[in-house]
Amino acid sequence: QDLARFLQAFFSGEIVENDTVRNRIFTEIHTPQRQRYPYYLGLAPDHYQGMMNYGHGGFWGTTMRYFPALNATISICILERDEKKQVRKVLDLFSGLLKQHPPTRFERDAQLRTYLDELTDFSGTILVAQNDAVLLERAYGLAHREHQVPNQPDTRYNIASISKLITSIATLQLHERGLLDVEKTVGTYLPDYPNERVRDSVTLAHLLTHQSGLPPFYRADFLESDKRRYHKVEDFWDLFVFDSLRFSPGSQYEYAGGGFVVLGLIIEAVTGQEYYDYVEKAVFAKAGMTNALAVPIDSVIANRASGYTSEWGEKDYYTRNDLYLAKASPAGGHYASARDLFQLTKALHDGTLLQPATRELLFTPRVRGYNTRLGYGIDVDLRHFEQIMGHSGGWYGVRAELMDFQASGYTIIVLSNQDDDGKSGASKVINDLRLLVTERFPQY
């Protein structure tokens, strides 16, 4: 009882009341075993029944574990010194029983609804689902400021880098079918790739995890180019194909889009189809993403929001972002509705897009990124009380976020047609919703 009361009181804010100070306990210690056994300040994460939990154990079989998704703590003391293996069995049993009757779901649903009902200073669409059922959909602000056209729940938005997740899924589908192997080099599938070092030393796994050394291509050359020239995937590769690698493949992480353009070319090589056609049939159609598309910038498309940029808060007024946009590449720029991205997560859950073993390849954290870990083209966020899978998207006049909460079963999609300074607008909304789900429902 003492152990359970202590840990529950700590995470409830009764021992350390300041949230910022309390959350510093999640400062990770770089131990040699950190990839398999992460460790914080006197605190270790674990999983039971698919739920993230936190606590500590004693050598002979004492343990205490807090489950944020349940707002519950389980403590166990084993009295027989050679029976400490029973701890895991007992934890698995009791966490499973508690999971059947979570005590906090209705409170959490109510707080999410209140937050969305009272939300201001946001332009876009938000979707909240739980266990693959939509709970809430809200649209705010204007899709076209010039004509005062409001955003709708089914409005199409530019999703920026969330396209990388789509390309990752397409790549792993082909890996699953034996048409490619993510451990093989680029040259295996593109023998005429003009950069010899990339061809011979960069693997598809390097591309999927931003460890290739290829440079970012959404930079000055792209911004200054005629965006009407980009019709096919190969039209993008002139922006980086002859550049030197920035580091030895596999030696470090640097977020860049070039690797995903190369993946798009490989998808074309092994399927004999254009990347856009393959993704349309194998991902969008299969998942039921009826509004998702990649279109030239001068296309007239119904129900598509224009983007508005303040250059991330640098200016005190907004302008249309047309000059910054091109047709989507495998690295970013598709259009989709919030319901489309919900359908994508649902199709990942039920095996429509990937078999369970392949889905685990996608989800398994492999690399430490700037803020999160990464699987194959997907973020694995371990910074909170609950593991979050997903991806972000940001560009001039674009802010997008897909968050799939593994323990509590929530999926939250935030799509906005204006950028911000990282502290307001969509960025604040995304952070608020993340905290509402993961950190004991703070009051706003």
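One cut-off to keep in mind: partly exposed means a relative accessible area between the buried limit, under 20%, and the exposed limit, over 50%. Also remember that you're looking at a predicted model. Side chains of opposite charge can pair when their charged atoms come close, and this structure holds 16 salt bridges.

**Stop one.** Select Asp117 and Arg138. They form a salt bridge, with the closest N and O atoms 2.9 Å apart. This pair links distant parts of the chain: Asp117 sits in helix H4 (residues 105-117) and Arg138 in strand E6 (residues 133-140), 21 residues apart. Asp117 has 49% relative accessibility, so it counts as partly exposed. Arg138 is partly exposed as well, at 23%.

**Stop two.** Move to helix H14 (residues 425-438) and pick out Lys428 and Asp432, four residues apart, or about one turn of the helix. They form a salt bridge too, and the closest N and O atoms are 2.7 Å apart. Which of the two is buried, and which is partly exposed? Asp432 is buried, with a relative accessible area of 5%, whereas Lys428 is partly exposed at 41%.

**Stop three.** Next, select Arg199 and Asp200. Their salt bridge has its closest N and O atoms 3.8 Å apart. Asp200 is partly exposed, at 47% relative accessibility.

**Last stop.** Select Glu28, Arg368 and Arg373 together. What links them? A network of salt bridges.

Notes: Residues numbered from 1 in each chain as written. Predicted model: local features only at pLDDT ≥ 70, side-chain atom pairs only at ≥ 80, totals over all residues. Heavy atoms only, no water. Salt bridge = Lys/Arg side-chain N within 4 Å of Asp/Glu carboxyl O. Helix = DSSP H or I, 4+ residues; strand = E, 2+ residues; numbered from the N terminus. Buried < 20%, exposed > 50% of the residue type's maximum accessible area, 1.4 Å probe, protein only.
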